[in-house]
Amino acid sequence: MAWTTYQLSLAVLMVVTGSINTLSTKWADKLESENSAGDAQPFNHPFLQACTMFIGESLCLLVFSISHFAKKRKQSQSNELAAVVDNPISSFNPLIFFPPAMLDMLATSTMYVGLNLTYASSFQMLRGAVIIFTGLLSTAFLGRLLKAREWLGMLTVIMGLSVVGASDFIFSSGGSNNSLNSIITGDLLIVMAQIVTASQMVWEEKFVTKHNVPALQAVGWEGIFGFVTLSLLLIPMYFLRVGPPFSSNPRMVLEDALDGFTQMKNNPMIILAMSGTVISIAFFNFAGVSVTKELSATTRMVLDSVRTLVIWSVSLLLQWQQFYWPQIIGFALLVTGMGVYNNIINASLCKCRRGSDSEPLLGVNEDQSINDEEGRPSVIH
C-alpha cells in the first residue's frame, strides 16, 4: 500500500536530519576561528563535538518521558486499566546502559577524530563496515549461525569498503587540505571504530533487549552516561600531550576544551554548526525509531543508504571534495552488500517472481527483516 503523509514525513525527516548530523560536524571542522594563542585555525575538537552529540541523545529521554506521561495521562482520563499495567521507566536498572554508553563514547570519539582527517562521504560510507564486525561478533558471542546470504553480503561490503578506501588513497591530492597520511589514518580510525560499535550492538542485544526497553529511552540513557563520562574525561585530556595529526591546538594536547570554547566565542558559526549536531541527533533518533515502528527496519536501512548519498552529493556541491568515479562503484557495492545481508534483494526478487504488487518493497513487514531494529536500542549517528 502507499505511504501516508505521516510516514513520508518521517522518512524525509530521517534522511534530512541524519544528513545534517554528519554535515554539521564536518562543517564545524572546516570553520576557522582565532584560538587561545591568537592564531586562526580550523576547529579541531572531536571530543568536545562528541559531547554535543551525547547532549542530542539525552534529549531523546526527555522526548520519551513527555510522550510516556502524556499517553499515561490520556489513558487515565479514559479510565483504561492499561494506564497502570505498563511503566517502562521503572521496570529496569538504567545502569545496564552504562557499558554500551562507554562503547558508544569510544566509537563516536574515534570516528569524529577520523572525520576531521578525511571526507564526510568516506566517513559515512566506511561506517558500513559495522555489518561485518556485527556479524562476526554475533557469531562468536551470541552463538548465531550466519546464512550463506549474510556471508555474501559481508563479502560484498568488504569489496565496497576496499574501493572507497582505494579511492581516497589514489585521489587524495584533490579537494582536501589534509595530507595522504591524514586521510588514510582517518579512514582506518573510522573502520576500527566500527569494531567498537559492533561490540555495542552485540552487548545491547545480549543484555538490554531482554528488558524490552523503548528505543528512545535507551538512546536517552546512553546519551546521559556518555555525556557525563566524556565531560569528566576532558579534564585528563587537557594534560595529555599528543602530536599531529591528532592535535592541532596550541598546547598540543589530546583535547583542549578551553581552546574550543575560545574558538566558539570568536566564531559563532561554530556554535551554530554544533547546535545543528545536537538538534539533528535528537530528531534523527526519533525519526529512525518511528520509521521502524510505522514502516519497517528494512525501510530504515534503505533510508540510511539514501542519507549516505545525500551527504556525498552535498560534499561535492560545497566543494569539500572532488568527484571520484570509483566511489560510485564503492557506494553501489556497499548498498548491494547491505541489501543482500538484510535480505532486501532476495525478498524483492521473490516478490518479482510471484508478480505481487500489493506491497511496495519499502513496506515490508518488520518480521520479514532479518535485522529488525525494533527493540534494539542501538544508537545510530
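Predicted model: local features only at pLDDT ≥ 70, side-chain atom pairs only at ≥ 80, totals over all residues.
Modeller: A definition to start: a salt bridge is a side-chain nitrogen of Lys or Arg within 4 Å of a carboxyl oxygen of Asp or Glu. Asp304 and Arg307 meet that rule, at 2.6 Å from N to O.

Colleague: Where do Asp304 and Arg307 lie?

Modeller: Both are in helix 11 (residues 297-317), three residues apart, about one turn of the helix. Helices here are DSSP runs of H or I, at least four residues; strands are E runs of at least two; both are numbered from the N terminus.

Colleague: Is Arg307 buried or exposed?

Modeller: Arg307 is buried, at 1% relative accessibility. Asp304 is partly exposed, at 22%. Buried means under 20% relative accessible area, exposed over 50%, partly exposed in between (1.4 Å probe, protein chains only).

Colleague: How many salt bridges by this rule?

Modeller: Three. One of them joins Glu205 and Arg144, with the closest N and O atoms 2.2 Å apart. Glu205 sits in helix 7 (residues 180-208), and Arg144 in the loop between helix 5 (130-141) and helix 6 (148-170), 61 residues apart.

Colleague: Switching topic: how many disulfides?

Modeller: Zero in the whole structure; the cut-off is a pair of cysteine sulfur atoms within 2.5 Å. Cys60 is buried, at 1% relative accessibility.

Conventions: Residues numbered from 1 in each chain as written. Heavy atoms only, no water.
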